[in-house]
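Have the viewer open and follow along.

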Amino acid sequence: KRRIKEYELLEFTMDTPSANGRSSKITCTGVVVHCQPDKNSMYRVWVKFLDLPEDARKQIECVSKKSKLLCPYCENF
């Protein structure tokens with residue numbers, strides 16, 4: 001609900017799904033590359049992950065596509 005400055009570093013802790021149905025936590029760093037207001041009084045934020053392990057990236061990509069959270073313009077990955 002707030003603007004985040006471009007080039008701001010963020011640290012994320014995310015639950016990523018695994019093949020056995022359990023989730024695992026990963027911590028990674030990202031940098032804000034763009035932030036713009038949307039029509040719902042929120043902000044859409046583009047983040048470039050800097051140190052996301054490849055296996056975690058693939059898991060997130062799969063979940064994002066299934067839940068239609070993947071940006072249709074840039075594909076986010």
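## Starting with the cysteines

Let's begin at cysteine 35, which counts as buried because its relative accessibility is 5%, under the 20% cut-off. Cysteine 28 is buried too, with a relative accessible area of 1%. Keep in mind that this is a predicted model.

How many disulfides does a search of the whole structure find? The count is 0. For background, a disulfide is a covalent bond between the sulfur atoms of two cysteines.

## The overall layout

Stepping back, the protein chain has 1 helix and 3 strands, and from the N terminus on they come in the order β-β-β-α. The chain has 77 residues, and 23% of them count as buried. Its accessible surface is about 6,100 Å², with 52% of that belonging to carbon and sulfur atoms.

As a general point, nonpolar side chains in soluble globular proteins tend to be buried together.

Setting aside neighbours within four places in sequence, methionine 14 is in contact with Ser24, Lys25, Ile26, Cys28, Phe49, Leu52 and Ile60.

Now to the strand pairing. Strand 2 and strand 3 run antiparallel to each other, paired over 7 bridges. Two of the residue pairs to look for: histidine 34 has tryptophan 46 in strand 3 as its bridge partner, and proline 37 has tyrosine 43, also in strand 3.

The hairpin has 5 residues between its strands, and among them serine 41 takes a positive phi near 60°. Serine 41 has this positive phi although it is not a glycine. Is serine 41 buried or exposed? It counts as exposed, because its relative accessibility is 63% and the cut-off for exposed is over 50%.

Methionine 42 is also in the loop between strand 2 and strand 3 (43–49). With a relative accessibility of 35%, methionine 42 counts as partly exposed. Which residues does methionine 42 touch, leaving aside those within four places in sequence? They are Lys1, Gln36 and Pro37. Lysine 1 is the one to look at in the viewer: it is 41 residues away from methionine 42 along the chain, yet their C-alpha atoms are separated by 4.5 Å.

## Another positive phi

Tyrosine 7, which is not a glycine either, has a positive phi of about 75°. You'll find tyrosine 7 in the segment before strand 1 (9–17). At 67% relative accessibility, tyrosine 7 counts as exposed.

## The salt bridge

What about charged pairs? The structure holds 1 salt bridge. The partners are aspartate 15 and lysine 25, with their closest N and O atoms 3.0 Å apart. Aspartate 15 lies in strand 1 and lysine 25 in strand 2, so the pair ties together parts that are 10 residues apart in sequence. In general, side chains of opposite charge can pair when their charged atoms come close.

How accessible are the two partners? Aspartate 15 is partly exposed, with a relative accessible area of 48%, whereas lysine 25 is exposed, at 62%.

Technical notes. Residues numbered from 1 in each chain as written. Predicted model: local features only at pLDDT ≥ 70, side-chain atom pairs only at ≥ 80, totals over all residues. Heavy atoms only, no water. Contact = heavy atoms within 4.5 Å. Helix = DSSP H or I, 4+ residues; strand = E, 2+ residues; numbered from the N terminus. Buried < 20%, exposed > 50% of the residue type's maximum accessible area, 1.4 Å probe, protein only. Pairing = 2+ DSSP bridges. Areas by Shrake-Rupley, 256 points an atom, 1.4 Å probe, with all protein chains shown as cover. Disulfide = S-S within 2.5 Å. Salt bridge = Lys/Arg side-chain N within 4 Å of Asp/Glu carboxyl O.
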